[in-house]
Amino acid sequence: MSVNTLTAPNSIAVSPNQDLHYSIDMLQDEARQLVDQGVVSRQQPIYVLCQYIPAREWVCVECELEKCEYLLRDRIADLIGSQSWDND
């Protein structure tokens with residue numbers, strides 16, 4: 001997976017007529033990576049992630065977020081949870 005776009009998980013074979021599936025864990029990991037790299041802020045709404053996901057796949061992401069009761073206006077911090085510090 002690249003920093004700039006999310007892609008379908010490697011373990012899923014996708015044919016042109018098949019829907020992609022994005023798990024909430026995968027979305028959380030990717031959002032956390034973007035935050036750690038400083039590309040997005042924890043305070044930005046979840047919908048800013050659409051800039052890093054191909055448009056044709058965003059519908060699948062929206063469905064997964066809705067299924068897990070996240071709103072696009074919720075903050076990325078809500079999606080990725082609390083920060084853990086290695087060096088306190």
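Modeller: Contact means heavy atoms within 4.5 Å. Helices (H or I, at least four residues) and strands (E, at least two) are DSSP runs, numbered from the N terminus. The model is predicted: local features need pLDDT of at least 70, side-chain atom pairs count only at pLDDT 80 or more, and totals for chains, interfaces and linings use all residues. Residues are numbered from 1 along each chain as its sequence is written, and side-chain values use heavy atoms, with hydrogens and water left out.

Colleague: What covers the buried residues of α1?

Modeller: Buried means under 20% relative accessible area, exposed over 50%, partly exposed in between (1.4 Å probe, protein chains only). In α1 the buried residues are I24, M26, L27, Q28, E30, A31, L34 and V35. Their cover includes α2 and α3 (76-80).

Colleague: How far apart are the end C-alpha atoms of α1?

Modeller: The expected span of a helix is 1.5 Å times one less than its number of residues. α1 has 13 residues, so it should span 18 Å. The model agrees, with its end C-alpha atoms apart by 18 Å.

Colleague: Which residue with a positive phi follows α1?

Modeller: α1 covers residues 24-36. The phi in question is near 80°. The residue that follows α1 with this phi is G38.

Colleague: How many salt bridges are there?

Modeller: Side chains of opposite charge can pair when their charged atoms come close. A salt bridge is a side-chain nitrogen of Lys or Arg within 4 Å of a carboxyl oxygen of Asp or Glu. By this rule, the number of salt bridges is three.

Colleague: Which residue forms a salt bridge with D29?

Modeller: D29 is partly exposed, because its relative accessibility is 46%. The closest N and O atoms are 3.2 Å apart, and the partner is R32.

Colleague: Why are E64 and K67 separated by about one helical turn?

Modeller: An α-helix has 3.6 residues a turn, so residues three or four places apart point the same way. E64 and K67 meet in a salt bridge at 3.2 Å, N to O. They are about one turn apart because both lie in α2 (residues 55-67), at a spacing of three residues.

Colleague: Is E57 buried or exposed?

Modeller: E57 forms a salt bridge with R56, with the closest N and O atoms 3.7 Å apart. R56 has 69% relative accessibility, so R56 counts as exposed. E57 has a relative accessible area of 8%, so E57 is buried.
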